[in-house]
Every structure is written in structure tokens, then in C-alpha cells.
Amino acid sequence: MEPVKILSVDDEMDLELLLTQYFRRKIRKGEYEFYFAHNGLEALTVLLNNKDISIILSDINMPEMDGLTLLTKINEMQNPALKCIMVSAYGDMGNIRSAMNNGAFDFATKPIDLDDLSITIEKAIEQINYIKTSQQEHDQLESLKTDLAVAAEIQQAILPRIFPPFPENEAELELAAQMVPAKDVGGDFYDFFRIDTDRIGLVMADVSGKGIPAAIFMAVSRTLIRTVGLQGFDPGECLTKSNELLSKESIDCMFVTVFYAIYNVKTGEMEYSNGGHNSPVIIKADGSVEMLPTSTSCMVGAVPGITYPKETLTLGVGDTLVMYTDGVNEAMNEAFEEYGDERMMAFMATQKGQNCRAIIDNQMADIKAFVGNAPQSDDITLLTLTRKA
């Protein structure tokens, strides 16, 4: 443990002997280390060469630079962990009050009561330790904020962000997606990737939990599902294999709800499997809306040994598939009312003829209007796909 470094500033030479004699045991044990100066100018030089001095015992009346002027110079250093104890004659209360009003930690009067001074020093040390601990905690928080900002950038970079993603199929389909985390980093993710000439994989998922643990599990889940999906397994097989892999890696019983689909850009046929996720909505070309059947399958990564079924549907020309996470339908306003499936379906029924990007932007705006000033309670993620031909 580092000694507490104390600077005594006094033009009376006998004070040096008194302090070293009285605190000799603490000095020998390495608890205190004393420095001495005889006026304010000397004190500033000592402080310049020993920046870890914590306590200054300063006389007020000194030649060349008095204690009040020294106190002003010390205040300019803006070091809250440097405490000044002012020393003056008992009758010099005017200067003592000036010192206290200008930021001195405490004062002692001459002749100095060393027992009382010892208590005052101990109080100063407690205050200094508290300030240093607070500074360390503040620095740690600032470091964490920086790390979170970097993590958020990395997480957004993981998700596909180039639109249109398949320009060679622009005549046949349109696709857009967005993820808005509730915190710096989130657990939602979307993904899409080409499997072969005619088929693309589509993923919408929501990891249990929030913050950094969810973000890490999100990255692992996305990588596993994409890796398995790119091997060409049908959606049910993909979730079954992903579930086995994630179940082995899951910590603290984390899991992920997943809707995974394979879309054929030539025929509009879509194979899909739903692992406990929200049912996507189809906005038909005629403006009607339809929600896919509710999933009866377990979340992915929660329980090993589960087999996930495969379902099929066909999008008609002009139909739009809307995939989303529960941050949409469970968005909450200031009265703690949820946005809800009914409101979401009613809104989507107004989106006939809108392109994929507009549907997402409009849905986000409608949620924001409903929520008002209530804080975002969950990540919000949307992916829209329209069959154009």
C-alpha cells in the first residue's frame, strides 16, 4: 500500500521536528511520508515534483507567498483528491474563514494540538479515498461506454446493410430490413443470404435477455444459423441442427426465437420453420392482411433433441412478407399499454402499394407515435420482402 504523502508548508522550522517526531510510527510503517516547504513558492515546486501528494498542511502567514495565495494556486490545479488543512493563530479567524470559504478542507490553530491534527488528517484521508474510488468508478464507466459504443458499431456491421441486396434479382423481388436496439447493443437480428441461383435464406430472430450477453449470443446464433442454412438444409432441418449446436453452447439458459425461411425468387414459393417466434404477416396485393399460423415449436437453443417441422406457402405477385420481433407488437406507451397485434395488423392493412423500405419506415413512425415519450422497452426489428414478378 502506497504511503499517504503530506506536504507541510510553514516558515517555523521547529514544526518539521514536531511532525516527524509525533508521526514517527506511521512514517516507519510506511503509512505517511512527509515533505516540507517554508513558503508558498517552495510548496509549489515540491508539488510540481511530487504530483501524488494528497494532503497539504499550510500556514496562512508566510513570506514570499502566503497560505491564502497558495490555496488559490492549488484550487487552479482542479484536483479534488488534494486536500488543504490551513494553520494559523487562534485569533486569526478572519483569514481562517477566508480559507474555508475558498475550499480548504479543515483548519488547525497554533499552538497545534497534534492529537487533533492527527484526527483531521485521518478524516482527510477518508475523503481522499472516497474521491479516488469515485474517480476510478467513473473511469470504468467511461471505458464501458466506449466499449459499448464499439460493440454497437460491430453489431450493426454484422447485419447485412446493403440494399438492394440481390441486384441481379431486382426485377423479381424487393427486400429491406432494419434493427433498432433498445440499449447500446441488442439481441435481435435479421439476416439474408443466397443459397443458390434461385433460393435465398431469410432469418428473423430474437435472443432472450438484453445487453452484452444477448449481443454475444446473438452473434453466435446468427453465425450458426447462417452456416447451417448455407449448406442447403430445408428450414426445419436448419433449425433442428442449429438447436442442437446452440443447446450445447447456451449459458444461463439463453435461447433464441427464430423464423427461418427459404424463398424461391422464380416461383414465389417459400419454405419456412418457426422456432417460437412471432408469426410473420403477409400484406396481399389487394391490401388484405394475413398472419401466418402461430408457432407451436420450442425456442431454439433451449432444449436439445427437438425436431422442427417445415411449412410452405407461395407469395403472389405484389404480396409482401413482413417479419418482425416482439419489439413491434409489444411496444409500450406511457400508460403501459401495448401496441398489440390488432393495431399492427390494422396499420399493415394501410400499406398497400408501399415499397419495402417505406413499410418499415411507416411502421416505425406509427410505433413512435403510439409510444410517445415512453422509453423503448425492447429491440425493434423488421424485414420486408415483396414478390415483384
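Buried means under 20% relative accessible area, exposed means over 50%, and partly exposed lies in between, using a 1.4 Å probe and protein chains only. The model is predicted, so local features need pLDDT of at least 70 and side-chain atom pairs count only at pLDDT 80 or more, while totals for chains, interfaces and linings use all residues. Residues are numbered from 1 along each chain as its sequence is written, and side-chain values use heavy atoms, with hydrogens and water left out.

**View A. Two cysteines, Cys84 and Cys298, and their accessibility.** Let's start with the cysteines. Cys298 is partly exposed, at 23% relative accessibility, whereas Cys84 is buried at 5%. The structure holds zero disulfides (pairs of cysteine sulfur atoms within 2.5 Å).

**View B. A nonpolar surface patch of about 420 Å².** Here Leu141, Leu144, Ile212, Ile216 and Val220 come together. Patch members have over 30% relative accessible area and no salt bridge, with nonpolar side chains (Val, Leu, Ile, Met, Phe, Trp, Tyr) joined within 5 Å and like charges within 9 Å. A salt bridge is a side-chain nitrogen of Lys or Arg within 4 Å of a carboxyl oxygen of Asp or Glu. Helices α6 (114-158) and α7 (211-229) each supply at least two residues, and α7 gives the most, with three. Look for Leu144 in helix α6; Leu144 is partly exposed at 39% relative accessibility.

**View C. A negative surface patch of Glu330, Glu338, Asp341 and Glu342.** Asp and Glu count as negative. Glu338 sits in the loop between α9 (326-329) and α10 (340-348), where helices are DSSP runs (H or I) of at least four residues. With a relative accessible area of 43%, Glu338 is partly exposed.

Notes:
Areas by Shrake-Rupley, 256 points an atom, 1.4 Å probe, with all protein chains shown as cover. Charge placed at Lys NZ, Arg CZ, Asp CG, Glu CD.
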